[in-house]
Amino acid sequence: MDRRTFNQLAISGSMAAFLPEFVLAKKNAISVQLYSVRGDMEKDLVGTLTAVRKMGYRLVEGAGYSQGKFYGKTPAEFKVLLADLGLKMPSGHFGFGSANYDVQKKSINDEYKRAIDDAASIGHEYVIAPYMIDPDRKGEKLKQYIHGLNKAGEYAKQAGVKFAYHNHAFEFEMEGGRLIYDAILQDTDPSLVLLQMDLYWTEKGKANTIELLKKNAGRVHLVHVKDMAKTKEQETVEVGQGSINFQEIFKYTPAAGVKYYVVELEHYKTTPMQGIAEAYNGLKKLKF
């Protein structure tokens, strides 16, 4: 299929006839990254999740896994808690670095294998590598990191879950003659390493978000949605209150394979809880 045909189908919504079901967007699959309200989660886990549910969210994305527990609870305990509140957690962030990859064994370490196994047991569809630390961004460490992504994706597939990489802005800087993001895209197996595209950070990194969606059609299963303030700092703001043209971008997300639209905030005009409530309402007004 050529680029012109892709564009026409994406805009018309007719791409569905040409893509397998697993890459089609689930209508109104809005989630929220719980990192946005991490302070509230620490103070009152049940109360915060209850409030999130009352806002209208049915899905959440985790960022609180440590030493075999989700927010201090075993996978079984947290799974029951979510079910009792009418919530599901299809995806979660699990810190990954080159240190999680054993070069000699050509395998991820037992710690990360356990994280993936726990993610599978709690019902995740996606395990997401959320951030690449500074030392992993250059030379051999970057190569090691990318090898690790492939091996993590391989193990995740065996465990019955999918593995994805989440970008920030630094991936759109050069290293070894390529953009770091291009190195990740080109040197990982697209059947093993999917993408969670953070739309704020692609814009912040001055990438062409729509072209990235087109280029990686079928590989982008999740997006993070936070707006960019019209200020010098360009801090994150609630959807609909900034400068990002989400409505234009969302013309291309279904054809790209996006299933989940995940609200996130890193800066707050009021409180984190009020912020994600406003962001939810702003996102609901858009067509995707």
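Is F172 buried or exposed? With a relative accessible area of 14%, F172 falls under the 20% limit and is therefore buried. The legends below describe close-up views of a predicted model.

**View 1. The ring pair of F172 and Y181.** The centres of the two rings lie 5.0 Å apart and their planes stand at 50 degrees, so F172 and Y181 form a tilted pair. Y181 is buried, with a relative accessible area of 1%. The relative accessible area of F172 is 14%.

View 2. The buried residues are I180, Y181, D182, A183, I184 and L185. Elements that cover them include helices α6 and α9 (209-215), together with strands β9 (162-166), β10 (174-175), β11 (178-179) and β12 (193-198).

**View 3. V193 in strand β12.** V193 is a residue of strand β12 and is buried, its relative accessible area being 1%. Leaving aside residues up to four places away in sequence, V193 touches L149, N150, F163, Y165, T188 and R219. The C-alpha atoms of V193 and A129 are 9.9 Å apart in space, while the two residues are 64 apart in sequence.

**View 4. The crossing of helices α5 and α6.** The axes of α5 (residues 110-122) and α6 (residues 139-159) come within 10 Å and cross at roughly 35 degrees. The crossing is right-handed. On the α5 side the contact is made by Y112, K113, I116, D117 and A120, and on the α6 side by A152, Y155, A156 and A159.

**View 5. Helix α12 and what covers it.** Helix α12 runs over residues 272-284, 13 residues in total. From first C-alpha to last the helix reaches 18 Å, close to the 18 Å expected at 1.5 Å a residue. M273, G275, I276, A279, Y280, G282 and L283 are its buried residues. Their cover includes helices α2 (38-43) and α3 (45-55), as well as strands β1 (30-33), β13 (220-225) and β16 (260-263).

**View 6. Aromatic pairs, with Y57 and Y280 in detail.** Searching the whole structure gives 19 aromatic pairs. In one of them, the ring centres of Y57 and Y280 are 4.6 Å apart and the planes are at 55 degrees, so this pair is tilted. Elsewhere, Y65, F70, Y71, F78 and F94 form one aromatic cluster.

**View 7. S31 in strand β1.** S31 belongs to strand β1 and is buried, with a relative accessible area of 1%. Not counting residues up to four places away in sequence, S31 touches Y57, L59, V60, E61, Y261, V262 and V263. Y57 is also the partner of Y280 in the tilted ring pair.

**View 8. Arginine side chains over aromatic rings.** R38 places its charged end over the ring of Y35, at 3.9 Å from the ring centre. The charged end of R137 sits over the ring of F170, and here the distance to the centre is 3.4 Å.

Key. Residues numbered from 1 in each chain as written. Predicted model: local features only at pLDDT ≥ 70, side-chain atom pairs only at ≥ 80, totals over all residues. Heavy atoms only, no water. Helix = DSSP H or I, 4+ residues; strand = E, 2+ residues; numbered from the N terminus. Expected span 1.5 Å × (residues − 1). Buried < 20%, exposed > 50% of the residue type's maximum accessible area, 1.4 Å probe, protein only. Contact = heavy atoms within 4.5 Å. Phe/Tyr/Trp six-rings, centres within 6.5 Å; stacked < 30°, edge-to-face > 60°. Lys NZ or Arg CZ within 6 Å of the ring centre and 35° of its normal. Axes fitted to C-alpha atoms, helices over the stretch in contact; angles between N-to-C directions. Left-handed = near helix turned anticlockwise from the far one by under 90°.
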